[in-house]
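I opened this notebook to record what I looked up in the structure, entry by entry.

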Amino acid sequence: MRQGIRPPRLRPGDRVAVVAPSGPVAPERLDAGLDILRGWDLDPVLAPHVRAGHEELAYLAAPDERRARDLQDAWCDPAVAAVFAARGGYGAQRMVDLLDWAAIRSAPPKPLIGFSDVTVLHEAFALRAGVATLHGPAVAGEVFLKDEPTRDHLRRTLFTPEDPAVLTLAPGTARTLLPGGAHGVTFGGCLALLASEAGTPDARPDAAGGLLLLEDVGEPPYAIDRALTQLLRSGTLTGVAGVVLGSWARCGPYEHVRAVLTDRLGGLGVPVVEEFGFGHGDSALTVPLGVPATLDADARTLTFDVPPLL
């Protein structure tokens, strides 16, 4: 698995774009998130259709073509230093094939920040454009608005990416599920979205040389089993070097979730660390994707070889 191209870090005064590639955005949350970005001395601009809505499909922020155009224009605009997702939800799969990937590859890379449904875009930018991205909170998301450690970790990742606290992630709650150590390039995100991507034309063929990050929300244990089984049967997890597990909010009693994770991942014969503090939890670390790192499941650390941004 190849390391992604690392974008430049942010600097005070940078213009950044906020897009809605998936679901609709609550106006008051969006306004609050924009104020936080302004407080970081950034100049946030909304993509044209973030507040548009969809006349027939209320679960989409806007028609597919408009959401795709917003993301592409933001990425290709030389005045924009980073692209933030306003929220997750559903819809990235519907618009990802509408993007002009030749145009995206020809534009200078920049940080792309989001999680949940944005997993589809993290995978697409890694596989189709070769760019490293950031699995981090959404601008209008509840955890970004309410949790100071979540905001601080994202801010430090964006402005001072060489910060040692960013390079070695060892939350106090992290635990060893399966022992050992591994080295590889980080990839992954929301389990349900990764499973949905399996078998699509531009899906990842395997995980050789990769460190897999997994989390999800609102999926009962049997659905987690189903998604993991799909990844195993499709060959998507073949060759994976190690697994880092984040939050499993509203997925049922965690001992039941752990039993499924152990059952399905144990046969891989690789180290696994759990409860690593990223995803849909009450607090969420920002984790770089497409960056080489070393997993020490016994010490419960994930140490990146290089800063995620230049």
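**Entry 1. Terms and basis.** I count a residue as buried when its relative accessible area is under 20%, as exposed when the area is over 50%, and as partly exposed in between, with a 1.4 Å probe and protein chains only. Helices (H or I, at least four residues) and strands (E, at least two) are DSSP runs, numbered from the N terminus. The model is a predicted one, in which local features need pLDDT of at least 70 and side-chain atom pairs count only at pLDDT 80 or more, while totals for chains, interfaces and linings use all residues. Residues are numbered from 1 along each chain as its sequence is written, and side-chain values use heavy atoms, with hydrogens and water left out.

**Entry 2. Helix α10.** I looked up which residues of α10 are buried, and found A223, I224, A227, L228, T229 and L231. I take contact to mean heavy atoms within 4.5 Å. The buried residues of α10 pack against α9 (191–197), β9 (210–217), β10 (242–249) and α11 (254–265).

I then checked the length of the helix. The expected span of a helix is 1.5 Å times one less than its number of residues. Helix α10 has 14 residues (221–234) and should therefore span 20 Å; its end C-alpha atoms are 20 Å apart, in agreement. After α10 comes G235, with a positive phi near 85°.

**Entry 3. A227 within α10.** I located A227 in helix α10. A227 has a relative accessible area of 9%, so it counts as buried. Setting aside residues up to four places away in sequence, A227 touches L191 and A195.

**Entry 4. How α10 meets α11.** At what angle do α10 and α11 pack? I found an angle of about 15°, with the axes 9 Å apart. Here axes are lines fitted to C-alpha atoms, for helices over the stretch in contact, and angles run from 0 to 180 degrees between N-to-C directions. Angles under 35 degrees count as roughly parallel, over 145 as roughly antiparallel, 65 to 115 as roughly perpendicular and the rest as oblique. The helices α10 and α11 are therefore roughly parallel to each other.

I noted the residues in this contact as P221, I224, D225, L228, T229 and L232 of α10, together with H256, V257, V260, L261, R264 and L265 of α11.

**Entry 5. Helix α2.** I repeated the length check on helix α2 (residues 64–76). Its 13 residues should span 18 Å at 1.5 Å a residue, and its end C-alpha atoms are 18 Å apart, so the two values agree. The buried residues of α2 are D64, R67, A68, D70, L71, Q72, A74 and W75. Among the elements that cover them are β1 (15–19), β3 (82–85), α3 (92–95), α4 (101–106), β4 (112–114) and α5 (119–129).

I examined Q72 of helix α2 separately. Q72 counts as buried because its relative accessibility is 9%. Apart from its neighbours within four places in sequence, Q72 is in contact with L98, L99, D100 and A103.

**Entry 6. R128 in helix α5.** I found R128 in helix α5. Is R128 buried or exposed? R128 counts as buried, because its relative accessibility is 17%. Not counting residues up to four places away in sequence, R128 touches V96, D97, W101, R105 and D202.

**Entry 7. Loop residues.** I looked up two residues other than glycine with a positive phi. S116, in the loop between β4 and α5, has phi near 65°. Its relative accessibility is 12%, so S116 counts as buried. R300, in the loop between β13 (292–296) and β14 (301–304), has phi near 60°. Its relative accessibility is 32%, so R300 counts as partly exposed.

I also located L285 in the loop between β11 (272–274) and β12 (287–289). L285 counts as buried at 19% relative accessibility. L285 and L295 are 10 residues apart along the chain, and their C-alpha atoms are separated by 16 Å.

**Entry 8. Cysteines.** How many disulfides are there? With a disulfide taken as a pair of cysteine sulfur atoms within 2.5 Å, I counted 0. C251 is in no disulfide, and its nearest cysteine sulfur, that of C190, is 8.9 Å away. C251 counts as buried at 1% relative accessibility, whereas C76 is partly exposed, with a relative accessible area of 29%.
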